[in-house]
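Good morning, everyone, and thank you for making time for this short talk. Please bring up the model on your screens, and we will walk through it together.

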Amino acid sequence: MRTRGFTLLELLVVAVVLTVVAAIVALGPGREPPQRALGLAAGEVAAALRFARSEAARTGQPHGVRVTAADSRLRVYRLDTAASPPTELFDVRHAVDKRLYDVVLDALPHAGGASVTLSSFAFSGSAGSLESVAFDTTGAPVSPVTLQELTTGHVDLQRDGLTRSVVLAPATGRVTLP
């Protein structure tokens, strides 16, 4: 007479199904894994910096990016150098959707939960740092206030205890995601 029980194959199938269900519940519907969401948020910051740099070269007018840690927001602007001190004009439109280039990282479905912990751009001749950087018409990063050269620049992001940085190189304006 055969005893009733489960075969090894049946137990493995149940274990796999439970693992998949647990992974879906843990991540929630539409929620990216922390490392991926953090990478996508860093990509958004890098894209904004690169766009501002290319717009400065394309239009012949300085453009920049303001990255505020308080609300994890990044905005691309035109720099009105005719005013004294220069004024940031937030009327730049995104190249794809033609809306104002104003992004709140936490509101993005693919990068939700990622936040800016530090936005620091330091310039020669300045004691402190700013949350904003501009690019002159050659693409070099400069202070939006004094137009002095960038000495260090980075934006630090965080989600679920993980961190990621976006680095802006002085002189060249090269954006990297180390």
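Because glutamate 55 and arginine 58 are three residues apart in helix H2, about one helical turn separates them. Before I go on, please keep in mind that this is a predicted model, in which local features need pLDDT of at least 70 and side-chain atom pairs count only at pLDDT 80 or more, while totals for chains, interfaces and linings use all residues. Residues are numbered from 1 along each chain as its sequence is written, and side-chain values use heavy atoms, with hydrogens and water left out.

When I say helix or strand, I mean a DSSP run, numbered from the N terminus, with at least four residues of H or I for a helix and at least two of E for a strand. The side chains of glutamate 55 and arginine 58 form a salt bridge at 2.8 Å, N to O, and that term requires a side-chain nitrogen of Lys or Arg within 4 Å of a carboxyl oxygen of Asp or Glu. Glutamate 55 is buried at 11% relative accessibility, whereas arginine 58 is exposed at 60%; buried means under 20% relative accessible area, exposed over 50%, and partly exposed in between, with a 1.4 Å probe and protein chains only.

How many salt bridges does the structure hold? There are six, and another of them joins the side chains of glutamate 88 and arginine 66 at 2.9 Å, N to O. This pair links distant parts of the chain, since glutamate 88 lies in strand S3 (residues 87–89) and arginine 66 in strand S1, 22 residues apart. Glutamate 88 is buried at 17%, while arginine 66 is partly exposed at 22%.

Leucine 74 is in contact (heavy atoms within 4.5 Å) with residues including Glu44, Val65, Tyr101 and Leu105, leaving aside neighbours within four places in sequence.

Finally, serine 72 sits in the loop between S1 and S2. Is serine 72 buried or exposed? Serine 72 is buried, with a relative accessible area of 6%, and among the residues that serine 72 touches, not counting those up to four places away in sequence, are Val103, Leu105 and Val116.
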